[in-house]
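Keep the viewer open as you read.

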Amino acid sequence: MCFAGAVKSFGAVRAVDGVDLEIRRGETVALLGRNGAGKSTTISLLLGLNTPDAGAVELFGGPPERAVRAGLVGAMLQEARAVTRVTVRELVGFVAGRYPDPLPVARVLELAGIPELAGRRVDRLSGGQTQRVRFAVALAGNPALLVLDEPTAALDVEARRAFWDAMRAYARGGRTVLFSTHYLEEADAYADRIVVLDRGRIVADGTGEQLRRAAGGSLVAFDLAGRGSAGLELLPGVRAVEVRGDRARLRTDDSDATVIALAELGAIRGLEVVPASLDDVFLTLTGTLGEREPV
């Protein structure tokens, strides 16, 4: 699966801006970004729902449309309407029948964690139940690639945990999974790789730990006690400085060297040293960029 310089614009908005990305078989990859970062448009290009204005997108050695027609892809998208007057079992069975090598319906319902909903009408389910049915529909064809666009958006904490357990059980069979999310903890916990998008561009690509190191591995915080913050950016290891009231936060590649330098300055009042969280990494990568309308 490969994006090569892919570009997609909607009017004056360039939703995908020169994306280069390769996803290997068997990987679980998270697309992480704010609303409007280009996640959904990137997924639409991968599924052949949109075509790039420039560059190319290839899926299983050919155009996305061919892979989708061959039943190699299952997708769970944000926008979908409930089918009226059919049960969950009937819906999943119908979708499974459109694929060359589907999973048994009972197995699909088990994987999605919804066997108790089999006889319920789809149009009479709650929002969270409907989301899990959409996941079952994505699994029905036994796809080699599973694409999930904000899959846990309507789920509570318990349902989100059950969803990810189901996803990991499916991925263990060697399938490839690509999911978009704005939940940082989900990307960190369930993806082999995290690809951070902002303003249609990839600004980081790696494991959670690699992203933390790239954005500054630790945070050193201390009370300024009225002494000012001039020169803190010049201390050993420091990548960024943030001042909140009378407290300074230093993002650093070498917390030991930074703390030693602060001790030499006598600036260790209220000292705190902690590893950078993925939240910190995300803000470092995207926090200085302007807002835009969701795409």
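**A threonine and its neighbours**

The side chain of Thr-252 reaches the backbone nitrogen of Asp-254 at 3.0 Å. A polar atom of that Thr-252 side chain also lies 3.1 Å from the backbone oxygen of Gly-237. Both are polar contacts, meaning pairs of N or O atoms within 3.5 Å, where one atom must be able to donate a hydrogen and the other to accept it, and where residues adjacent in sequence count only if both atoms are side-chain atoms. Thr-252 is buried, with a relative accessible area of 0%; buried means under 20%, exposed over 50%, and partly exposed in between, using a 1.4 Å probe and protein chains only. Thr-252 belongs to strand β12 (residues 247-252); helices (H or I, at least four residues) and strands (E, at least two) are DSSP runs numbered from the N terminus.

Before going on, please note that this is a predicted model, in which local features need pLDDT of at least 70 and side-chain atom pairs pLDDT 80 or more, while totals for chains, interfaces and linings use all residues. Residues are numbered from 1 along each chain as its sequence is written, and side-chain values use heavy atoms, leaving out hydrogens and water.

Strand β12 also holds Arg-247, which pairs with Asp-223 of strand β10 (residues 218-223), 24 residues apart. Asp-223 is partly exposed at 26%, and so is Arg-247 at 24%. The whole structure has 18 salt bridges, and Arg-24, Glu-27, Arg-193 and Asp-205 are linked in a network of them.

Now turn to helix α3 (residues 88-96), where Val-88, Leu-91, Val-92, Val-95 and Ala-96 are buried. They lie on the same side of α3 because they cover an arc of only 130° around the axis, taken from the directions from the helix axis to the C-beta atoms. These buried residues pack against α4 (105-112) and α5 (127-139).

Val-88 is also among the residues with the most contacts inside the largest nonpolar core, which has 47 residues; Phe-135, Leu-148 and Met-167 are the others. Such a core is a set of buried Ala, Val, Leu, Ile, Met, Phe, Trp, Tyr and Cys residues joined through side-chain atoms within 4.5 Å. Helix α6 (residues 157-171) gives this core its largest share, 7 residues.

Terms used. Contact = heavy atoms within 4.5 Å. Salt bridge = Lys/Arg side-chain N within 4 Å of Asp/Glu carboxyl O.
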